[in-house]
Amino acid sequence: MIIAFCLFAPARTHASDREHQVKSGFVYSIAKFCDWDFSKKPGNRFVIGIYRTRAFDLDIDVLNGKTIRGRSVSVEQLRSEADIANCQVVIVGDVGTENIRHLVNLCKNSSTLLVGESEGFTRDGGTIGFVLRDGTVRFQVNLQTAQVDRVSISSKLLTLAEQVFR
Amino acid sequence: MTLRRKPYSLRLKLILVTTIATAVALLVCAGSLAIYDRWNFTQQLNYELTTHAKILGANCTAALEFGDKANAAEVIRAVSANHRIEIVVVYDKNGKEFVRYTRPEALRKFPAGFSSENILSAANFSATSPIMLHDEQLGSILLEGGEGDLTIRTRTYFLVAGLLMAIAVAVAIGVASGLQRRIFDPIAELVTGMAEITQKKDYSLRIDDKGDDCNIPSFSPPV
């Protein structure tokens, strides 16, 4: 059993790394097609917060220093809910339906894009949720939440979404 | 015999001169219009291609950014509605072909794998546009428009112009035939009078000058 684990574990980790590399790239690309109300968060930083997940740790850091909408990207591991208020994008781990709804309420009118990868994330109110389909990373969009969060999403992005909740 | 034929020959010459002058004027006019029409058409086509390139490019930004070839292919397939566009190629930021659409009728002209250099050399009309997202260039797009439309248009133009010229020339002949009487009737009268005087030796015969070309009240032939 241990031998089997040793044999398969690296492969699984490699696939997972690749998946999160793609998702990190997607976060950056998605951000290019969104508009924020920057008056709510002045400054010249574009903060991508990681909340209750370590899956992105290795891959998302490459976004540090890149530019989105003229602001320098800064990736931060969030320690508490209060830190969400400073972020333009928050990547949420698998926190469960109740917590997702709580976070959605927290982000109302704050111009924060909630991104998650848990099953049913968008259905539960998250703005953008990653899903795996036949080994390919796709995403779903919840437009209603985006409107409530005061983040506008380009229709060009919606054409690529696997599903759009309106 | 010779005296009677001369006015007729002059009549014919006048009609011919009028008709030829009309035809030449119409030919110059039709030719100038044809040149202007061709120039105008190519301008319109270039404008249309550039507009399409910009619209398609703008709609391909997300597909290029996410590397979604299926979506980009779907976007550029929209040009199938415009029969003037034969091929569309989208390139990524490294200049590598990302996706292409070739109208089925143009597959012989632009077979699969035809490089962009070859497309440009074979193109009659083409437009390229960078694909931008904010300040970042994500790629570029190339559109090629065929000459088929222009050929049909030119053919139709010359057919219509030819038909109109034939009608105009026929009208010119009719009008010239009618109007030449005003010039030739006095001449014919003069010639007939002269012939009569010559034959009958009747020098009392007078011919009225109906026009004011000779500026004499009446014609009296020399004795």
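Colleague: Let's start with the sheet in chain A: what makes β6(A) and β7(A) a pair of strands?

Modeller: In this predicted model, strand β6 (residues 113-116) and strand β7 (residues 128-133) of chain A run parallel and are joined by 2 bridges. Pairing asks for at least two bridges between the strands, so β6(A) and β7(A) meet the requirement.

Colleague: Which residue of β7(A) stands opposite Gly116(A)?

Modeller: That is Gly129(A). Gly129(A) also has a bridge partner in β8(A), namely Gln140(A).

Colleague: How do you know that β7(A) and β8(A) pair, and which way do they run?

Modeller: Here the bridges number 6, and the strands run antiparallel, with β8 covering residues 136-142.

Colleague: What lies between β7(A) and β8(A), and what can you say about the turn?

Modeller: The two strands form a hairpin with 2 residues between them. In the turn, Asp134(A) has a positive phi of about 50 degrees.

Colleague: Which residues is Val75(A) in contact with, leaving aside neighbours within four places in sequence?

Modeller: The contacts are Ile48(A), Ile50(A), Ile60(A), Asp61(A), Leu63(A) and Asn64(A). As for Val137(A), 62 residues apart from Val75(A) along the chain, the C-alpha atoms of the two are separated by 21 Å.

Colleague: On to where the chains meet: how many residues does each chain bring to the contact?

Modeller: Chain A gives 7 residues and chain B gives 10. On the chain A side, α1 (2-32) and α5 (155-158) each supply at least two of the residues that touch chain B. By type, that side divides into 3 nonpolar, 2 polar and 2 charged residues.

Colleague: And chain B itself: what pattern does it follow along the sequence?

Modeller: Chain B has 5 helices and 6 strands, in the order α-α-α-β-β-α-β-β-α-β-β. Buried residues account for 21% of its 223 residues.

Colleague: How many of the contacts in chain B join residues at least 24 apart?

Modeller: Taking contacts between residues at least 6 apart in sequence, 58% join residues at least 24 apart.

Methods:
Residues are numbered from 1 along each chain as its sequence is written. Chains are lettered from A and ligands numbered from 1 in the order in which they are written. This is a predicted model: local features need pLDDT of at least 70, side-chain atom pairs count only at pLDDT 80 or more; totals for chains, interfaces and linings use all residues. Helices (H or I, at least four residues) and strands (E, at least two) are DSSP runs, numbered from the N terminus. A residue is buried if 20 or more other C-beta atoms lie within 10 Å of its own, exposed if 12 or fewer, and partly exposed in between; C-beta atoms are placed from the backbone. Two residues are in contact if their C-beta atoms, placed from the backbone, lie within 7 Å. Ala, Val, Leu, Ile, Met, Phe, Trp, Tyr, Cys and Pro count as nonpolar, Asp, Glu, Lys and Arg as charged, and the others, Gly among them, as polar.
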